[in-house]
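Let's take a friendly walk through this structure together. Keep the 3D view open and follow along as each part comes up.

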Amino acid sequence: MQSSVRRQMIGLFSVMLLFLCPCKSTEPKAFCPASPTPQGLEGPGYWPGQRLSFDGAFMSSIVHSFLQSVQPHPFPKELVVSVIENTRTITQEETIKKVLTYETGLLVCVAIGIIYIILVPLIGLCFACCRCCGNCGGRMYQKQTSNTQCKRRTFYWVTVLITVFMLAGNVCMFLSNSYTGEIVRASSGDVNNILENLQSYFNTVPKQIDQVINESSVTVDNISQDINDTGHLLGTEIKKHLEGPFQMTLGPVWLLEQLINITDTLLRRLNKTQPELQSNLTVLQGKLSNVTQKLSNSSCQDNHFSLNCSVDLNLTLSNLSELSSCVVQARKIDLNKQIKEGQEYLESIPQRVTNETRDRVQGIMMQLQGIKTDISKLTNKVPLNILSDISDVLGNAQRNISTYTPYINKGEQIRGIVAVILCCLILLVVVCNFLGLLLGPAGLKSNVSPSERSSTANCGGVCLMAGVGFSFLFSWVFMIVVVILFIVGANTYTLICVPWQTGQLFQVIDTPAAFQVSQLSQLNVSVSDIYNDCHHNKSLWITLHLGNIIDLGDILNVSKFTVNVHDEFEDMIITFPNITLLSPEIQSQLRNVSSTASSVNVTSIIQEINAISKQNLNVTADELDDLANNQPNDTIKASLQKDANYLRSLQTWIEAIINPLVCELNSTINNISVIASRINGTVENVLEAFSYAQSFFNDNTTEIVKSKTRRFVNCHIEFITTFAEWANKTITDQVGACGPVASAVDEINQLICTQLVESLNAFWFSLGWCLIFLIPSIIFSVKLAKHYRRMKHTDLNENLIMMNPVPRANIKM
């Protein structure tokens with residue numbers, strides 16, 4: 001229990017010392033640095049794609065349905081592969097036969113178009129010749145029958161319906177043409193943005209790899225700096241754990257010095273006060289002796305005052321002489337020198353660790369540089385030349401686009417003009433039909449003879465025949481355009497767009513023949529796998545299967561280094577010389593001081609001082625006054641009264657001079673007694689603190705060195721292991737995340753198939769739609785025109801018909 005109390009006192013003194021000692025504000029370098037936190041990988045910047053004003057796929061469902069009807073066969077992947085590989089196992093005739101079989105539906109449509117192109121002008125020529133000869137409705141005579149009005153109405157509504165269908169197709173032509181123009185005008189910018197995004201991606205991948213390598217360099221340099229500073233870091237940590245018990249000695253030593261200094265000050269004060277007091281007491285003793293002698297010689301009655309006025313006023317301070325000698329001896333003990341030697345021993349630990357570990361550190365530094373060199377080889381092993389070549393190709397493509405963009409825009413302008421002309425010619429036929437359908441009924445009267453029809457009705461019939469003429473004149477030319485666009489658009493859709501969406505196109509590209517000049521063939525990867533992985537935004541390492549050609553585990557394998565570092569530090573022996581914090585001689589002197597201080601007894605001195613302070617001459621003076629009052633002799637009486645007054649004056653002098661000195665001497669001696677009693681316990685605390693520090697140094701230094709060395713090694717091993725794991729995960733999971741590549745492919749698909757091909761197919765489908773309806777339009781327009789045009793010959797049965805009309809013949813339009 002006593003030892004525990006003493007340890008608590010030592011701790012209290014240590015805390016007091018911390019408050020009394022100045023503190024440094026500089027923050028030391030971390031013994032164990034935090035785990036690396038590298039910055040995120042640099043990402044490329046992307047240009048957004050342009051947005052068109054309206055959707056050009058408004059006819060996609062109709063066109064797709066038609067193309068699927070005429071081309072129901074699945075994508076001929078084997079046929080395309082065989083054509084690409086040009087194998088000798090399949091003859092040219094067999095290949096042509098398979099191609100024709102696949103293109104059967106398209107060839108039928110082309111054949112129909114060719115027939116249309118051939119027959120329509122021939123029929124138109126024959127039709128014109130026949131009409132010139134008075135046939136095929138060329139003879140301006142219309143026989144009136146009972147169902148003439150019914151036929152006219154039937155022809156009218158059929159022609160209206162056909163014309164509406166043609167108008168719908170013509171509107172779709174205008175829309176698809178406008179959409180195609182907008183696509184072509186925006187395509188150069190879109191393609192340039194797509195290529196710019198791809199080039200930015202391919203240029204960023206090497207930067208990301210360089211970033212990982214740079215992070216490795218920074219990490220290795222930091223570890224190298226710590227390893228090179230092993231003496232300071234490890235030595236400071238060892239010193240910090242050894243100086244704790246040593247610091248516990250400073251409080252008791254400081255307190256003991258303060259007690260010795262206070263005791264010395266009190267003794268000096270005592271040595272100053274005691275002679276002065278003794279001198280005054282000697283004077284007082286002489287004066288009291290004179291009074292006593294005078295009273296003894298007087299002839300007064302009851303002369304017994306000589307004993308009452310005589311007191312012993314001598315002070316003996318021999319008990320404090322040993323304490324004074326003890327204080328002098330204690331001041332000769334230089335405990336600060338022992339403290340300074342201990343502090344110098346602790347301050348020498350970092351330099352001693354540096355000297356002990358210098359050779360080992362150099363070997364570890366060489367191994368760290370080897371790790372740095374191995375990681376830097378990653379740039380040479382990753383096939384970045386492929387990305388560089390692709391980036392160059394993209395750059396050339398961008399330059400070509402910039403070069404040919406004006407020509408493309410010029411060609412688009414010409415194409416747009418031609419398309420508008422086609423649309424306007426179809427619209428001209430539609431307008432002729434609508435004019436005929438409006439003017440004919442407007443000027444027709446049922447009770448008027450065909451030879452006397454109004455000019456309005458006749459103009460309506462002429463408009464219908466004009467539409468027929470325009471149809472024969474231009475429709476076969478339009479069909480040529482339809483056939484050409486149909487062959488291009490239909491095959492593009494069925495052989496490129498559809499397999500592109502289903503992924504079969506990538507399987508065709510994956511054929512060995514397609515990769516004969518590609519550097520990707522050495523990586524044993526397929527385009528379809530790359531596309532699928534990029535859709536999931538996987539890294540370049542996973543996408544290109546770089547693990548098959550690069551042993552990343554071997555490059556980032558730091559286990560060899562960690563084992564070597566661990567072995568180097570385990571074999572390293574750091575020794576410290578023994579130090580004696582407190583010699584046996586000094587311990588003996590301190591115990592002598594303690595025993596002397598504990599043996600100080602001031603009781604007798606205090607009693608002497610109390611005896612002096614108890615003397616009161618006023619009492620004796622009062623007794624002399626009483627005695628004087630009883631004396632019959634006036635002379636004796638006056639003498640006694642004079643002696644009484646003299647004693648009172650002496651008492652006044654005692655209270656003014658002697659009593660303050662007595663009080664000061666009493667206080668000093670009491671303080672000396674209290675301090676002396678504390679010296680004993682403080683010396684015991686000093687001896688115990690030095691004993692504990694000495695035992696701690698002797699018993700724990702070796703273990704502290706081993707534990708701190710092990711922690712230092714494990715900390716830096718964990719540091720570089722954590723970095724290796726980060727680098728491995730970053731390279732395999734983040735570097736070159738190829739989602740932008742898949743996005744670029746999808747944007748190209750959107751641009752080519754969803755926009756350009758769809759608008760192109762919508763145009764030829766709309767034009768073909770109009771051309772198909774031109775045939776019934778010709779037929780019914782010719783039939784209907786005869787009901788509106790003015791005839792040159794009158795029907796002989798006209799009067800008869802008018803006299804006996806069929807009920808429906810009189811119905812007005």
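Let's begin with E758, a residue that lies in helix α25. Bear in mind as you look that this is a predicted model. Is E758 buried or exposed? Its relative accessible area is 8%, and buried means under 20%, so E758 counts as buried. Now look across from E758 to C497: the two are 261 residues apart in sequence, yet 9.9 Å apart in space, C-alpha to C-alpha.

Two packed helices are described by the angle between their axes and the distance between the axes. Helix α15 covers residues 455-502 and helix α25 covers residues 739-785. These helices pack at an angle of about 155 degrees, with their axes 6 Å apart. Angles over 145 degrees count as roughly antiparallel, and α15 and α25 are therefore roughly antiparallel to each other. The crossing of α15 and α25 is left-handed. Which classes of residue make up this contact? Between α15 and α25 there are 29 nonpolar residues, ten polar ones and one charged residue.

Helix α25 has another partner to show you, α6. The axes of α6 and α25 come within 7 Å and cross at roughly 160 degrees. That angle makes α6 roughly antiparallel to α25. Here, too, you can check the handedness: α6 passes α25 in a left-handed crossing. Sorted by class, the contact of α6 with α25 has 33 nonpolar, twelve polar and four charged residues.

V158 is found in helix α6, which spans residues 148-228. With 27% relative accessibility, V158 counts as partly exposed. How many residues apart along the chain are V158 and S781? The answer is 623, while their C-alpha atoms are separated by 9.4 Å. V212 has 2% relative accessibility and so counts as buried. Its C-alpha atom is separated by 7.9 Å from that of T730, although V212 and T730 are 518 residues apart along the chain.

How many cavities of 30 Å³ or more does a search of the whole structure find? There are three cavities of that kind. The second largest cavity has a volume of about 70 Å³. To find this cavity, select the residues that line it: I209, L378, V382, L540, W541, L546, I731 and V735. By class, that lining has eight nonpolar residues, with no polar and no charged ones.

Most residues other than glycine have a negative phi. N537, which is not a glycine, has a positive phi of about 55 degrees. Where does N537 sit? Its place is in the loop between α17 (527-535) and α18 (540-543). At 42% relative accessibility, N537 counts as partly exposed.

Notes
Residues are numbered from 1 along each chain as its sequence is written. This is a predicted model: local features need pLDDT of at least 70, side-chain atom pairs count only at pLDDT 80 or more; totals for chains, interfaces and linings use all residues. Side-chain values use heavy atoms; hydrogens and water are left out. Axes are lines fitted to C-alpha atoms, for helices over the stretch in contact, and angles run from 0 to 180 degrees between N-to-C directions. Helices (H or I, at least four residues) and strands (E, at least two) are DSSP runs, numbered from the N terminus. Angles under 35 degrees count as roughly parallel, over 145 as roughly antiparallel, 65 to 115 as roughly perpendicular and the rest as oblique. A crossing is left-handed if the near helix is turned anticlockwise from the far one by less than a right angle, and right-handed if clockwise. Ala, Val, Leu, Ile, Met, Phe, Trp, Tyr, Cys and Pro count as nonpolar, Asp, Glu, Lys and Arg as charged, and the others, Gly among them, as polar. On a 1 Å grid over the protein atoms alone, a cavity is a set of points where a 1.4 Å probe fits but cannot get out, and a pocket is an open set with protein on both sides within 12 Å along at least five of seven lines; lining residues have an atom within 4 Å of a point. Grid points are joined across faces, edges and corners, and a volume is the space filled by probe spheres set on the points. Buried means under 20% relative accessible area, exposed over 50%, partly exposed in between (1.4 Å probe, protein chains only).
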